[in-house]
Amino acid sequence: MIKRIFGVLFSPLGRIGLLIGGLTVLSLAVWGISLTQASPAQPIQFPHNRHVNFGIQCLYCHPGASRGPVAGLPTQTKCWGCHQQMQITQTSELLKPLVQAVESNKPIQWVPVAIVPDFVHFNHRPHIAAGVNCEDCHGDMRQVTIAENPQVFNMGWCLNCHRERTENDPEKRTKLLDCGTCHY
Amino acid sequence: MSKKISRRDFLKLAGVGAATGAVLTGCGPASRYVVREPYMQMPEYTFNGQSTYFATTCRECPAGCGLVVRTYQGRAIKVEGNKVHPVNLGKTCARGQATLQGLYNPDRVTGAVSQSARGSRNFSNMEWDAAIGVVADALANTDPAGIAFLMGLAPDHLYDLASDLTTAIGAPAPVRYGALSLFETRATLLQAAESILGQSGLPYFDMAGADVTFSFGANFLETWLSPVAYTRGYSKMRKQEKRGYLVQFEPRMSQTAAKADEWVPLKPGTEGLVALAIGRIAAQVRGGSLPRAFVDVDIPGIVEESGVSEETLLHLAELFAGAERPLAVPGGAALGQSNGLGTAEAVLALDAMAGNFGKPGGVFLAPIPPNVDAVPRPANLQEMAAFVEQMKAGEIKVLFIHGINPVFELPKALGFENAMKSVPLVISFATFPDESALQADYIFPDHHGLESWGYQRVAIGADQPTLSGAQPVVVPFYNTRATADLLLAAAGTVGGDLAAALPYPDEVAFLQEKVLPLVENKDANFNAAEIDTFYAYFQQAGGWWGNQIALTVPAPNSLNNAMTVAAPEFEGEGEFVLLPFVSPILGEAGANKPWLQEVPDPTTTVMWNSWVEINPETAHELGIENDDVVRIVSEAGELEVSVYQYPAIRPDTIAIPFGQGHTAYGRYAEGRGVNPFDLLGLKFNEAGDLAFASMKVKIEKTGRKRELSRLESKIGVYGEGLGEEH
């Protein structure tokens with residue numbers, strides 16, 4: 001039985017079929033990988049660039065970054081604090097989901113962009129305390145609308161930075177290169 | 001077709017297939033597909049990923065322990081003791097830990113309801129404005145003499161508010177009662193203290209400093225006045241340079257007796273006689289003139305009466321006389337006898353003889369809490385009986401019930417449930433649909449303790465005057481309303497003098513007004529210049545307490561009058577003395593919390609049910625085995641319960657825990673076990689407390705068996721549970 005299947009596959013027609021099949025799989029794979037790397041669709045095409053260019057500080061909307069593990073997403077009341085005073089809020093197509101969310105008192109369902117796997121215990125606070133700027137990891141938000149990752153958050157990338165910044169401090173380096181620092 | 005597939009090709013193909021599968025199922029982390037919902041409105045003091053801690057007061061019993069509750073994203077997660085709180089210094093008991101299960105209890109009353117007919121459980125929802133109208137109407141259109149407030153034991157802000165309210169309209173003062181006060185026999189203790197210590201006040205026994213403690217029925221490691229504070233005192237007593245020695249006198253071995261160095265299982269009601277005998281012999285051992293209090297003591301008679309041998313009395317008296325800092329503690333079932341007052345006085349006379357008043361390891365009077373002259377005493381059972389008579393006579397037109405479940409917590413013989421039928425309007429503020437709430441016309445649920453504001457005076461357990469503070473640790477889950485707010489709103493609706501007497505916009509304004517005088521007192525755990533800052537600190541610290549130890553030293557008593565203790569009188573025809581005791585785990589209101597139901601009783605390890613403790617000897621004589629269902633019959637009633645053979649109880653005594661036997665109170669409590677209050681009569685001691693341990697009962701076999709769930713092995717350590725035939 002299995003011999004017969006392989007027989008069909010290796011006939012000339014079969015080979016062409018295999019090639020087409022292989023190409024399909026390959027293109028699907030490429031598409032799939034590109035999907036995982038592209039920024040996910042968000043309920044609101046949030047223009048980070050515009051907000052940053054107005055001079056709003058990152059920590060104004062993500063205050064958790066300086067105090068704990070999670071930077072956090074702004075509450076709707078925070079959005080509304082400014083937006084209710086602006087004419088454009090009522091007319092803009094882009095802002096409709098916000099108006100709806102506030103009126104129906106239902107939270108906006110954001111999709112996280114900058115994430116690390118569950119076995120990594122990432123904490124924003126020590127990074128901010130060490131003088132790392134938001135854009136060092138999250139990229140220049142003046143350039144993008146919805147958040148994008150300028151790099152893949154993998155371990156090599158983390159360790160590179162930990163190494164570079166501790167060149168002259170062996171004690172710190174030992175701590176920052178220790179597995180248990182992030183995986184515990 | 002002729003080409004063969006080599007093993008190598010097959011593996012290649014399989015590899016490509018697997019790789020494709022892996023790629024197509026996605027490489028991104030799974031959390032990519034998770035959405036995140038930010039708060040609509042961030043709860044105050046909340047930061048993502050960080051817990052917030054709030055200090056408050058435990059409301060599970062009236063001791064007033066300080067709690068620190070960990071909350072996470074607006075939900076209460078874990079309860080711990082407040083380390084700086086003078087009552088419990090960071091400790092909690094099982095009931096305090098389980099307060100979360102009251103908060104998250106699925107059977108809570110979720111909003112204001114009216115009941116179509118009492119007991120029908122046919123509720124219809126009401127708006128709170130209508131509820132305010134009902135209360136306002138009751139307050140405005142009832143003769144003030146017919147308005148009654150029945151409240152729980154805690155001397156808290158709501159009691160103050162209800163007192164202000166009743167004063168303003170000229171109604172009788174609120175009545176406070178709870179099953180715990182019945183078991184504590186507080187009225188007896190207070191009256192005995194007044195006659196022996198020469199001054200009124202709740203005696204505080206400094207166990208931590210005593211080297212020999214004789215406890216006559218005071219079950220302070222389970223539930224007595226302030227179990228957490230006394231447990232702390234006990235542990236300090238044991239940790240002294242010379243390990244403290246504890247002797248427990250009681251017919252049934254409680255947890256306290258189990259931890260004592262000696263347990264003296266005397267006949268119920270003879271504790272006072274034994275105390276006098278020890279006093280007399282100890283005085284003789286010490287030499288000098290015999291105090292007049294002990295001249296009439298008849299040692300052989302007491303030996304006969306109590307079942308304690310003369311050698312034991314001699315040994316105990318020598319122990320007491322030889323101690324540097326001896327202490328005698330009266331309490332619990334010893335005072336819940338017809339001769340309870342005499343017993344309490346006899347035991348305190350031992351202290352007077354030892355001369356330990358106001359000395360380390362001796363007897364003090366508890367500090368008076370801030371802002372009051374004395375802690376108002378809860379009603380004793382005689383006063384409750386009078387209250388029920390008033391209800392029956394139709395003198396009470398409106399009954400407000402808060403913080404207590406009287407149908408469950410009063411002996412059935414008193415007939416509270418029947419008397420409620422003579423009250424035209426009953427309004428309950430219960431958080432849970434308990435037996436009493438189901439007999440009410442309306443339930444206007446108060447917030448759970450962890451959702452509410454307040455303060456509570458600490459009656460005993462702290463060395464300094466203490467006002468324990470409470471604040472909400474979470475936003476109320478349901479459409480409940482603080483009873484204080486409801487009463488204030490109703491007072492505002494009524495207008496006139498009542499509104500003028502209670503001019504507070506809400507509960508917090510009332511609380512701030514009440515704590516205002518404390519701002520002036522700078523010798524305290526914190527200082528503030530004005531009320532807003534003061535109240536912020538008050539919330540942060542979990543209360544206000546003075547820096548100075550304020551225990552009062554009682555006047556020395558010369559013991560000039562000869563003392564006698566009458567023989568105990570018993571009711572009923574039966575052959576066994578019934579000794580009801582509070583379940584140390586469930587208390588009077590813990591049965592609706594599965595954590596507590598699941599905690600094995602410390603002495604018997606029984607869970608989720610009631611049992612009757614019978615000495616194996618007695619059981620053998622009656623032909624009763626473990627788990628047999630027996631009928632316990634008293635003059636007042638009867639009940640059926642499974643047997644637990646307990647070697648550590650006198651053969652002439654049986655014991656049933658109090659805490660189960662609910663007919664309402666939610667899914668975890670209902671229809672589980674029995675309530676020993678069904679068996680009690682209405683015999684009072686001289687101080688008006690119920691002689692709850694003075695009922696004689698009969699045991700009848702039913703021929704049925706119902707297994708008790710228990711942690712300990714039924715076979716026993718030595719296989720004794722297998723029975724002789726095995």
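# Exercises on a two-chain model

E640(B) is partly exposed, at a relative accessible area of 28%. Buried means under 20% relative accessible area, exposed means over 50%, and partly exposed lies in between (1.4 Å probe, protein chains only). This is a predicted model: local features need pLDDT of at least 70, side-chain atom pairs count only at pLDDT 80 or more, and totals for chains, interfaces and linings use all residues. Residues are numbered from 1 along each chain as its sequence is written, chains are lettered from A and ligands numbered from 1 in the order in which they are written, and side-chain values use heavy atoms, with hydrogens and water left out.

## Exercise 1: charged partners

**Solution**

1. A salt bridge is a side-chain nitrogen of Lys or Arg within 4 Å of a carboxyl oxygen of Asp or Glu. Side chains of opposite charge can pair when their charged atoms come close.
2. Take R631(B). R631(B) is partly exposed, with a relative accessible area of 22%.
3. Turn to R704(B), which is partly exposed at 42%. Strands (E, at least two residues) and helices (H or I, at least four) are DSSP runs, numbered from the N terminus.
4. Look elsewhere in chain B. R377(B) and E383(B) form another salt bridge, with closest N and O atoms 2.8 Å apart. R377(B) is partly exposed at 37%, and E383(B) is partly exposed at 35%.
5. Note the total. Over all chains, the structure holds 27 salt bridges.

## Exercise 2: a helix in chain B

Is helix α5(B) mostly covered or uncovered?

**Solution**

1. Check its length. Helix α5 of chain B spans residues 157–169, which is 13 residues. From first C-alpha to last it reaches 19 Å, close to the 18 Å expected at 1.5 Å a residue. The expected span is 1.5 Å times one less than the number of residues.
2. Check its cover. Ten of the 13 residues are buried, and α5(B) is mostly covered. Among the buried residues are H157(B), Y159(B), D160(B) and I169(B).
3. Look past its end. G170(B) follows α5(B), and its phi is positive, near 80 degrees.

## Exercise 3: a serine and its contacts

Which side chains make polar contacts with S468(B)?

**Solution**

1. Locate the residue. S468(B) sits in strand β18 (residues 466–470) of chain B. At 0% relative accessibility, it counts as buried.
2. List the partners. The side chain of T57(B) is in polar contact with that of S468(B) at 2.7 Å. The side chain of H85(B) also joins S468(B) by a polar contact of 2.7 Å.

## Exercise 4: cysteines in chain A

**Solution**

1. A disulfide is a covalent bond between the sulfur atoms of two cysteines.
2. C161(A) is partly exposed at 32%.
3. C179(A) is exposed at 59%.

## Exercise 5: a histidine in chain A

Is H162(A) buried or exposed, and which backbone oxygen does its side chain reach?

**Solution**

1. Locate H162(A) in helix α10 (residues 155–165) of chain A.
2. Check its cover. H162(A) is buried, with a relative accessible area of 13%.
3. Follow its side chain. It reaches the backbone oxygen of L176(A) at 3.0 Å.

Methods:
A polar contact is a pair of N or O atoms within 3.5 Å; within protein, one must be able to donate a hydrogen and the other to accept it, and residues adjacent in sequence count only if both atoms are side-chain atoms.
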